[in-house]
Amino acid sequence: MADINCIYKNPNAPIEERIKDLLSRMTLEEKIGQMTQIERSVATPSAIKNLFIGSVLSGGGSKPFVGANSADWTDFVDGLQKGALESRLGIPIFYGIDAVHGNSIAYGATIFPHHVGLGATRDADLARRIGVVTALEVRASGIQYDFTPCVAVCRDPRWGRCYESFSEDSEVVRKMTSMVVGLQGQPPEGHPKGYPFLAGRNNVIACAKHFVGDGGTHQGKNEGDTLVSYEELERIHMAPYLDCISQGVCTIMASYSSWNGRKLHTDEFLLTQILKNKLGFKGMLISDWEALDRLSHPRGSEYRKCVLSTVNAGIDMVMVPFRYQLFLEDLMHLVKSGEIPMARIDDAVERILRVKFVAGLFEYPLSDRSLLDKVGCKMHRDLAREAVRKSLVLLKNGKDPKKPFLPLEKNAKKILVAGIHADDLGYQCGGWTSKWDGTSGRFTIGTTILDAVKEAVGDKTEVVYEKNPPPEAFAGQDFAYAIVAVGEAPYVETGGDNMELTIPFNGAELISSIADKVPTLAILISGRPLVIEPWLLDKMDAFIAAWLPGTEGGGIADVIFGDHEFQGRLPVTWFKNVDQLPMHAEQNSYDPLFHIGYGLTSDNKAVRD
């Protein structure tokens, strides 16, 4: 172990002096080890210690074992950290995770609405408070680094990551970057612009992603090509990064996508000249998952060439995540041959160490178990419930606007609840939940729409639930009304790319068949607008876009029964048919079903800011 009198070990020394001191002591092996992020499943304390690995992550849904709670996670992460602390210089790792709407990988954690729902609230303070709670629950698991927020500006709902974007409008996305302050803490007055910031042990290292233009690809194709001028790239897609950088965001992740045919991961102009030099970003630039493997065809071939082009373009840490021995070997060869300059390695390691010092990892490398009691607590769930309430967008209320259908009567004699989505917690949460591509059923603690309805109605109200009610379900039944929840199954990334955007599981037919017999409230659980034919909209008595609300379905009951007012407004344009896409408010031909910003209150007035 290094001498305790080393400057880098002194918590009172200025951070830049600590970086300079530590960097001067590091061998090339130690430096390139710091640039390496490996996956949990291949990480061992000895590999971290002996290869000086800088970071470990969980790929979507990768956990120590099924059902692992936050206490299990702290044991696991601390075990790996001890390996890092036993290395020659004792440089701690940070552990990274995709807690993109709460720490959904840990059993019992609070799961918030996905970004698209938060965009519907346009409530910057709500986003900040969600960042605070997410950070607490992530830190309670021993994890210090969260790959969020996604500040993509989704310009086409056919994109499989549409729900990870706050809005198609840059200004709404910019407003919601307040989440960074929630996650990391508020930088003090006079904090140097572009310098990373982290307030304390209850905060996490945040990551603005995916730089840049990921939401603007042609036809919404995931990992596709964004075909725009530099001016448009800057005005629409780069704008939110300015806010993140001014709030001291510690890390930024590069995008899999291309800009006019140039892969972002190898674009030295955008990564170094613009992001680092012009915008003054002093934090760490990280690659996306296996991004280097994706640069060549067949995937994973010519690996050394891919290492060369990404590191020289300005990537500081590489999310390898599995073939780390090959990565270290190729990076070592490229530095020794002079193809990657030593100055580029030192710049990368300086940035990584800067984040580690700012985050206080040298002083507090291990988890704080006093936070465990806060995971999934009532206060956190109440915040998630508030977020659900505020995210709901009322698109129709009554066949005659002068006679609103909502709020629903709590003391009706008998009501029907229908649709898979009415009682499926996994579907309610969407992708990036428990597993990479999401899950179904009661995978954790939470409240489905059906649970919430049963809790909200009067003692004498009979609630009948049928996923897909057959005709005989209506025989002799006198339902006061029906609540029908339809929507998408969970998806992620390319698996969510969709050129049709129709309601899955025969959702339109289900709404139609029930609305023919009973006055019907239709609730759509989805990551984006879907096709709603005029005849279907006519049949519904009321229609709500509920996005992907997370575990706290009580927020839906709060609003449909009138305890709270509707406040949500569309964060994206609701198109009439997919042939209109992409469609934006600034176009002369703008002719949507519902315009961006549309949303009603229960008395059919427009929701205002």
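These legends describe close-up views of a predicted model. Local features need pLDDT of at least 70 and side-chain atom pairs pLDDT 80 or more, while totals for chains, interfaces and linings use all residues. Residues are numbered from 1 along each chain as its sequence is written, and side-chain values use heavy atoms, without hydrogens and water.

**View 1. An open sheet of 3 strands in the order β6-β8-β9, with mixed pairing.** Strands are DSSP E runs of at least two residues and helices H or I runs of at least four, numbered from the N terminus; two strands pair if DSSP finds at least two bridges between them. The edge strands are β6 (225-226) and β9 (262-263). Strand β8 (residues 258-259) pairs with β9 in the antiparallel sense over 2 bridges.

**View 2. The largest nonpolar core, with 116 residues.** Such a core is a set of buried Ala, Val, Leu, Ile, Met, Phe, Trp, Tyr and Cys residues joined through side-chain atoms within 4.5 Å; buried means under 20% relative accessible area, exposed over 50%, and partly exposed in between (1.4 Å probe, protein chains only). I252, L270 and L331 have the most contacts inside this core. Helix α13 (residues 342-358) supplies its largest share, 8 residues.

**View 3. The salt bridge between E493 and R161.** A salt bridge places a side-chain nitrogen of Lys or Arg within 4 Å of a carboxyl oxygen of Asp or Glu. The closest N and O atoms of E493 and R161 are 3.7 Å apart. Both residues are buried.

**View 4. Salt bridge of D382 and K378 in helix α14 (residues 378-391).** The N to O distance is 2.7 Å. D382 is partly exposed at 34% relative accessibility, whereas K378 is exposed at 60%.
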